[in-house]
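Hi there,

Here is the structure I promised to send over. Have a look at it first, and then read on for what turned up.

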Amino acid sequence: MARAALNWSLADLSKAAGVHRNTISNFETGKYGGSPEAIEAIRTALESAGVEFIPENGGGAGVRLRK
């Protein structure tokens with residue numbers, strides 16, 4: 001959802017995070033949980049681009065763009 005909110009392709013996120021696009025694709029589809037380093041790099045890239053991660057709060061976890 002975060003990548004879609006930014007209208008980023010796999011290649012866009014891969015470049016921003018320095019993580020191979022197959023790693024991102026496999027993470028998104030649940031085929032691979034990702035290494036802690038890769039997950040942190042992805043999260044950092046998305047947050048730097050304006051994504052805010054919303055924790056589980058009874059309504060479900062989610063994302064939004066900063067205002």
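I will begin with the pocket. In the largest pocket, α4 gives the most to the lining, with 4 residues. Please bear in mind that this is a predicted model. The elements that give two or more residues to that lining are α1 (2-6), α3 (21-28) and α4 (36-48). The lining comes to 14 residues, and those nearest the centre of the pocket are Ala-2, Phe-27, Ile-42, Leu-46 and Phe-53. By type, the lining residues are 11 nonpolar and 3 charged, with no polar ones. The volume of this largest pocket is about 300 Å³.

In soluble globular proteins, nonpolar side chains tend to be buried together. Here the largest nonpolar core has 11 residues: Ala-2, Leu-6, Leu-13, Ala-17, Val-19, Ile-24, Ala-38, Ile-42, Ala-45, Leu-46 and Val-51. Two or more of the core residues come from each of α1, α2 (10-17) and α4, and α4 supplies the largest share, 4 residues.

Setting aside its neighbours within four places in sequence, Leu-6 is in contact with Leu-46, Ala-49, Val-51 and Leu-65.

Two more residues are worth a look. Asn-7 sits in the loop between α1 and α2. Its phi is near 60°, a positive value in a residue other than glycine. Is Asn-7 buried or exposed? Asn-7 has a relative accessible area of 71%, so this residue counts as exposed. Ser-25, by contrast, is part of helix α3. Because its relative accessibility is 24%, Ser-25 is classed as partly exposed. From Ser-25 to Ala-38 is 13 residues along the sequence, and their C-alpha atoms are 12 Å apart in space.

Finally, a word on confidence. The mean pLDDT of the chain is 91, and 99% of the residues score at least 70. Within the chain, confidence is highest in α2, at 97, and lowest in strand β2 (residues 62-65), where the mean is 84.

Do write back once you have had a look.

Best wishes

Key: Residues numbered from 1 in each chain as written. Predicted model: local features only at pLDDT ≥ 70, side-chain atom pairs only at ≥ 80, totals over all residues. Heavy atoms only, no water. 1 Å grid on protein atoms, 1.4 Å probe; cavity = no way out; pocket = protein on both sides within 12 Å on 5 of 7 lines; lining within 4 Å. Points joined across faces, edges and corners; volume = space filled by probe spheres on them. Nonpolar A, V, L, I, M, F, W, Y, C, P; charged D, E, K, R; others polar. Core = buried A, V, L, I, M, F, W, Y, C linked by side-chain atoms within 4.5 Å. Buried < 20%, exposed > 50% of the residue type's maximum accessible area, 1.4 Å probe, protein only. Contact = heavy atoms within 4.5 Å. pLDDT = per-residue confidence, 0-100.
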